[in-house]
Amino acid sequence: MASKRISLANAQALVGKEVGLAEWREVSQTMIDQFADATDDHQFIHTDPARAAAEGPYGGTIAHGFLTLSLLSAMTYEAVPALEGMVAGVNFGFDKVRFMSPVKTGQRIRARFILDKLRERPSGIVEINYAVTIELEGSIKPALTAYWLTLMMPDRTKDRA
């Protein structure tokens, strides 16, 4: 998890700027197989290395696009500073997700986060929108791009005291 915490005012000053770059992480066949089991998506291009090499368009197995997208949660925790006074972040949705290049088994990826919008609601919930790119190591073309909508939930325990 990103150890740095920043104030809402400091975060607002970062709108339009890069706020995080995750470490490279390998997408393994084990990860792909576990994702296939969790989603019941066992298409051979993901789960059968021999058949994917012989018959598939990519020369081997590839990660599910949704697996790649789902890794954003882990990468944001390690790369993006947390907001002070917030106890949880939740997905609000995505706009314009594009799967640009397949992630081949064994490739390494990382996410780059640009803070696109930040707005505090009257309730204290903070809407944060990121322009995200998942990069492929050694490639100019990214694995995916997305506009990620999140909500940060304030610590309500102070209100009950």
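Val 90 touches Leu 149, Thr 150, Leu 151 and Met 153, leaving out residues up to four places away in sequence; contact here means heavy atoms within 4.5 Å. The model is predicted, so that local features need pLDDT of at least 70 and side-chain atom pairs count only at pLDDT 80 or more, whereas totals for chains, interfaces and linings use all residues. Residues are numbered from 1 along each chain as its sequence is written, and side-chain values use heavy atoms, with hydrogens and water left out.

Val 90 is placed in strand E5 (residues 86–99); helices (H or I, at least four residues) and strands (E, at least two) are DSSP runs, numbered from the N terminus. With a relative accessible area of 34%, Val 90 is partly exposed. Buried denotes under 20% relative accessible area, exposed over 50%, and partly exposed the range in between (1.4 Å probe, protein chains only). Lys 17 is 73 residues from Val 90 in sequence, and the C-alpha atoms of these two residues are 22 Å apart in space.

Thr 61 is found in the loop between helix H4 (49–55) and helix H5 (65–70), and is buried at 6% relative accessibility. Its side chain makes polar contacts of 2.5 Å with the side chain of Gln 29 and of 2.5 Å with that of Thr 105. A polar contact is a pair of N or O atoms within 3.5 Å; within protein, one must be able to donate a hydrogen and the other to accept it, and residues adjacent in sequence count only if both atoms are side-chain atoms. Neighbours within four places in sequence aside, the residues in contact with Thr 61 include Phe 44, His 46, Pro 49 and Lys 104.

Five aromatic pairs are found in the whole structure. Rings of Phe, Tyr and Trp (its six-membered ring) pair if their centres lie within 6.5 Å; planes under 30 degrees apart count as stacked, over 60 as edge-to-face and the rest as tilted. The rings of Phe 66 and Phe 99 are edge-to-face, because their centres are 5.9 Å apart and their planes at 85 degrees. Phe 66 lies in helix H5 and Phe 99 in strand E5, so this pair ties together parts 33 residues apart in sequence. Phe 66 is exposed at 58% relative accessibility, and Phe 99 is partly exposed at 43%. Phe 113 and Tyr 130 also form an edge-to-face pair, at 5.8 Å centre to centre and 75 degrees between the planes. Phe 113 is buried at 0% relative accessibility, as is Tyr 130 at 8%.
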